[in-house]
Amino acid sequence: MRLLSALLLVTLPLVATSQQQTHHKPVTQSQILAPGYSALEFPAPKPGTYALPPLGEAADGALLDSSGAAVSLHRLYDDKTIVLSFIYTSCPDMNGCPLATFVLGQVQQRLAKDEQAMSNVRLVTVSFDPANDPPDVMAEYGRHFRRGAVDWRFLTATSEGRLAPILDDYDQFVIRDRGPDGETLTTMSHILRVYLIDSDKRIRNIYSPSYLHPDILYADIRTVMKNGGS
Amino acid sequence: MNKNANKRLLASWIGASLLLLCTAQSHADETCMSPYMAKIVGQEDYVYVWTLGLEGLGDEQDKVVTIDVRPGSDTYGQVVNALSVGGRNEAHHSGFTDDRRFLWASGLDTSKIFIFDVHSDPGKPTLVRTIDDFAEKSGGVVGPHTNYALPGRMMLTGLSNSADHGGRTALVEYTNAGDYVATHWMPTDDNLQGATKSGNFADGYGYDVRVLPRRNAMITSSFTGWNNYMMNLGTLMADAEAMQRFGNTVVVWDLHTRKPRRILDVPGAPLEIRCAWGARNNYCFTSTALTSKIWLIYEDDAGEWQAKAVADIGDASLIPLPVDISISADDQHLWVNTWNDGKTRLFDISDPHAPVQVMEEKIGAQINMVSQSWDGERVYFTSSLLTNWDKVEAPEGEDLQYFKAYAWNDGALEHSFTVDFLAEKLGTPHQMRFGAHSLYGQ
């Protein structure tokens, strides 16, 4: 059911939603879908013509791959250019996790047509909801999005406790929602972030919904590859 | 609808109404925040006031003052916390990181930047890091002013430089953790950096920064350097040469590449920039301190950025000195404060090319900042501008250094409460930012 929701969200990206609710009264503005679902409204930057100064080291961490085997982030990073996305598979916000997976899917399509880039780039999607996203769920999620020979990994953690230091290291803020009586809900509130990491394991860009777009991300990948010597 | 579905709907509603952490289009000081940031769309719990220490008053130190604004709270309208930072720095502006867990507050004199944890206990911020090598790391930028959130990082504007303490300056980028990333110098006649100079000026001055991500645009304004903003106002006004050294430009940058694209003439020290929130409203407002006008910075039908004076603010010959402005969430109104006469004015900006003043009211002996809630129902004011520019005497009964809370009700300001910062021995209050427990699931 979670997968169905996710698929619906990413396959109906251009359908506008009703007015967003506020605490007291409706906001006068309709909810707008993130720019990443549509054509870029401005010319994409030309790869290699601008700088993406490093934003610090990309931390290591122990996770599970979609077969349940232990993996370390740094082993996965290897000498590749990495696009790292934190999501949870039942995320109901169209402009949240589904956006990230949609954009990575678009990047995947471009990589498939760019042999040099494809061999040097790895996409990594990590769930921050290990209780509800065990390896088999991540495997199923991945099967719906992964296409062709592009290297796209779907990871999770053994527990929230093991995941917490990784989220801290990446400054990825996540809180589990609670209901009126304080009960734990299935949804989580988080700030959506996607990270571009170069072959020296340095974070070179961070994207949030207002600026996560396949054209931008792909230009940045090419820029980092040129400058980073991948 | 079954119970689980109800819970999911509620969770979704809570996520949308309180946090807006994941949305692409965020809305309104709450109306002057970065579009990358979570917003408080309901009732704010606290107002954090970045406050200048005043010699001879209290502990004399700059501090973050936390005021409880929760209706019904036992401490409503009271100062619930004051965290001093160990000295005076010419405290000025502050801003949250994009995840709103940390508040950055900077000093224009010492160029120190203080990073406060506001999420662990929103009612009691703690100081977690002090950046004291801003000028050294940035390559000579002085006077960090705006602390503006971008995804996973902070963009700071400088006002000056360490070489001559004039107005030539830069944008300086940091990670959210407080590590230096890059310096982006403002374009000048000597080095336009590829930008188009559309008018007479390319002064290289800086002040505020805002972005319109959907247009890949970053907009900066221009004030004056350390030599002027640290000078006594009377002395400055009498110094004709010094009065020539104010910014006359707004620069439109390529947000993604951080390259300046176009330099616009906006003479008379354009200060705060407030961009519209509507999905197709490709414009921002600024006000000029010395010429007392509202300027529209807009993208024309051909996709070119332009600047146009669209309204007068009071009688310019009386030097009302426009300071802070605040745009409403629906892009229909703009609050404009004028420091010298202590007034706030409200403009109808439904036609951004022809704002019309619809209301004017004196708030105190002087006024600087204005912050409104997301829903526009609450408006807060503070009084301090710069240590050496603030008035030191007022007529009997007039407040000089205050935080004032109002309700905005049927077109009228209704006073809720005042905190007298001199009587409380806190200092002189400047920038306000809102806090809420709900942002952190508390």
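**Notes on the two-chain model**

1. Starting with chain B: I count five helices and 29 strands there. Keep in mind as you read on that this is a predicted model. The radius of gyration of chain B comes out at 20 Å, close to the 22 Å that the globule rule gives for 442 residues, so chain B is as compact as a globular protein of that length.

2. As for burial, 58% of the 442 residues in chain B are buried.

3. One sheet in chain B is worth a look. Four strands make up this open sheet, in the order 4-5-6-7, and the pairing is antiparallel. Strand 4 (91–96) and strand 7 (126–131) of chain B sit at the edges with a single partner strand each, so one side of each has no neighbour in the sheet. Going from one strand to the next, the twist averages 25°.

4. Strand 4 of chain B is joined to strand 5 (residues 102–107) of chain B by four bridges, and the two run antiparallel.

5. Over to chain A, which has seven helices and nine strands. Of its 230 residues, 49% count as buried. Look also at the contacts in chain A between residues at least 6 apart in sequence: 71% of them join residues at least 24 apart.

6. A residue I'd click on in chain A is A:Met138, which lies in helix 5 (residues 135–145) of chain A. Is A:Met138 buried or exposed? The cut-off for buried is 20 or more other C-beta atoms within 10 Å, and A:Met138 has 25 other C-beta atoms within 10 Å, so it is buried.

7. What does A:Met138 touch, not counting residues up to four places away in sequence? The contacts are A:Ser66, A:Ser127, A:Asp133, A:Phe154, A:Leu155 and A:Thr156. A:Phe173 makes a handy reference point for distance: A:Met138 and A:Phe173 are 35 residues apart in sequence, and their C-alpha atoms are 21 Å apart in space.

Terms used
Residues are numbered from 1 along each chain as its sequence is written. Chains are lettered from A and ligands numbered from 1 in the order in which they are written. This is a predicted model: local features need pLDDT of at least 70, side-chain atom pairs count only at pLDDT 80 or more; totals for chains, interfaces and linings use all residues. A residue is buried if 20 or more other C-beta atoms lie within 10 Å of its own, exposed if 12 or fewer, and partly exposed in between; C-beta atoms are placed from the backbone. Two residues are in contact if their C-beta atoms, placed from the backbone, lie within 7 Å. The radius of gyration is taken over C-alpha atoms; the globule rule is 2.2 Å times the number of residues to the power 0.38. Two strands pair if DSSP finds at least two bridges between them. Axes are lines fitted to C-alpha atoms, for helices over the stretch in contact, and angles run from 0 to 180 degrees between N-to-C directions.
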